[in-house]
Amino acid sequence: MSSTPAFALSINPATGEEFARYPIESQTEIDASLNLAVAGYRAWSAMPVSGRADVLRRLAKVLRADIDALAALATNEMGKPIAQAKAEVEKCAGLCDWYAEHGPAMLNDESTAIGKDAYVSYLPIGAVLAVMPWNFPFWQVLRGAVPILLGGNAYVLKHAPNVMGCAYALQSALKEAGLPDGAFSVLNASNDGVSMAIADRRIAAVAVTGSVRAGSAIASQAGAALKKSVLELGGADPFIVLADADLDGAVKAAVTGRFQNNGQICIAAKRIILEKPIAQAFTEKFVAAVKALKVGNPMDADTFVGPMARFDLRDELAGQVQASIDGGATLLLEGGKVDGKGNYFAPVILSDVRPGMVAFDQELFGPVASLIVAEDEEDALALANHSEFGLSGAIWTTDREKGKAFARRLETGGVFVNGFPASDPRIPIGGIKHSGYGRELSHFGMTEFLNAQTVWVDRK
């Protein structure tokens, strides 16, 4: 057994000072939490679907009423610029409204080719353990929790240690909205505690958003316990700009898609692949636009890039940038670590990036853009697919039909033609290859953790 930390620490990345600490639960406390989750599941699953949808509607109102406090909490815990934090809370409220309106129909019995006497019912399976990251401390949780809860399951949240305040704030909001005790619970556990929970019969399935290493370890434990898992892991998303693209639109989308949330997004414009005829023009516009971004205090409304969430991750990113330069990449915009107490990392742009370099092969989780020049469309496609990841991607071209045809050849879970990767309750999100498996959001996310039970009446 590894040593267990006494507290989950939240460090304000803008100041480097401790913001809060939360005691790690003991084995006895974890046991009590799992008992509460089972009781919550029984009460919640017995409620009609219409009643569950009403709770989601009330949750949307609670989130909007508390938007300023919730946004400030996210900013203090992980450095998200305050305007983006407010947008995240509002997006969560919209998610609740959408599922409350459209989700119940997804749970209706589904007829089969046999006729009315054979159908499929979608039934809850129990308590789902969710291991979630810090980069979107509200959205990452609720985009999975809302359909899981609407389906009648309980949701046990193991959040990242640095955003436990956000975890408890969500628990409070759901209780205020009328969710029974235990139907949504927070598990502040060590890695050993998480392993214990995964193996426990009171946990029915596991959802993970995080690194490849974490996802692989947790999925192995879930598999050993014969429990389903859904994984949304890392990505090195290609953002492909073809020669006939709207350059101004592509530049604007690339800047937002790469540097919002301080560049700490799974689905993002990470490898910007430029067809050779427009590479120079795009690069000039892109560098100018990135230079204009305000880096600073995340509590300022006009700040676009705040501090990175954790000091160790800033050090890791700096090492990846240097390794890429040592491997032959060109430092086109020199940013990097900013002196001072805060965990600031000014935007970096690397050019001349090729396969075999860290900036091409690995995920750079921070405000660093990698520019890659392709000889033609086929070379752009080959470069995009030359990756262990397959989460999402984008293609820019004024020929919509060409864009759609190109998308079918891109090895990713999602493709955005003339846009940048994003999540929305109306469409599924998830990846292939080392980016994971399974889907969240839309009706796909609704049924991932339900028992599709076949019922055949009077079979003859």
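Tutor: Happy to! Let's start with a right-handed β-α-β unit made by strand 18, helix 14 (residues 400–408) and strand 19 (residues 414–417). Right-handed here means that, with the strands pointing away from the viewer, the path from the first strand over the helix to the second runs clockwise. Helices (H or I, at least four residues) and strands (E, at least two) are DSSP runs, numbered from the N terminus. Please keep in mind that this is a predicted model: local features need pLDDT of at least 70, side-chain atom pairs count only at pLDDT 80 or more, and totals for chains, interfaces and linings use all residues. Residues are numbered from 1 along each chain as its sequence is written, and side-chain values use heavy atoms, with hydrogens and water left out.

Now to strand 18 itself. Five of the five residues of strand 18 (residues 392–396) are buried, so the strand is largely enclosed by the rest of the structure. Buried means under 20% relative accessible area, exposed means over 50%, and partly exposed is in between, with a 1.4 Å probe and protein chains only. Ser-392, Ala-394 and Trp-396 point one way from the strand, Gly-393 and Ile-395 point the other way, and all are buried.

Strand 18 has parallel partners. With strand 10 (residues 238–241) it pairs over three bridges, and Phe-239 has Ala-394 as its bridge partner in strand 18. With strand 19 it pairs in the parallel sense over four bridges, where Ile-395 is partnered by Val-417. Two strands count as paired if DSSP finds at least two bridges between them.

Let me begin with the largest nonpolar core, which has 103 residues; Leu-63, Tyr-99, Leu-142, Tyr-155, Phe-184 and Ile-240 touch the most other members. A nonpolar core is a set of buried Ala, Val, Leu, Ile, Met, Phe, Trp, Tyr and Cys residues joined through side-chain atoms within 4.5 Å. Helix 4 (residues 82–106) gives the largest share of this core, eleven residues. Domain 1 (7–233 + 434–456) and domain 2 (238–424) both contribute residues, so the core lies between them. Apart from it lies another core, of 27 residues, and Trp-396 belongs to that one, along with Ala-250, Phe-259 and Val-287 among others.

The domain bounds come from an automatic or database domain assignment. The C-alpha centres of domain 1 and domain 2 lie 29 Å apart, and 30 residues of domain 1 are in contact with 32 residues of domain 2. Contact means heavy atoms within 4.5 Å.

An open sheet of six strands runs in the order 7-6-5-8-9-21, with mixed pairing. Its edge strands are strand 7 (184–186) and strand 21 (436–437), each pairing on one side only. Strand 21 is antiparallel to strand 9 (residues 228–232), over two bridges, and Glu-232 stands opposite Gly-436 there.

From strand 7, the loop to helix 7 (191–199) holds Ser-190. Ser-190 is buried, at a relative accessible area of 10%, and apart from neighbours within four places it is in contact with Thr-4, Pro-5 and Ile-24.

Just after the helix, Gly-178 takes a positive phi of about 110 degrees.

Positive phi also turns up at non-glycine residues. Asp-352, with a phi of about 60 degrees, sits in the loop between strand 15 (348–351) and helix 12 (358–361) and is partly exposed at 45%. Ser-442, at about 55 degrees, is found in helix 15 (residues 442–447) and counts as buried at 3% relative accessibility.
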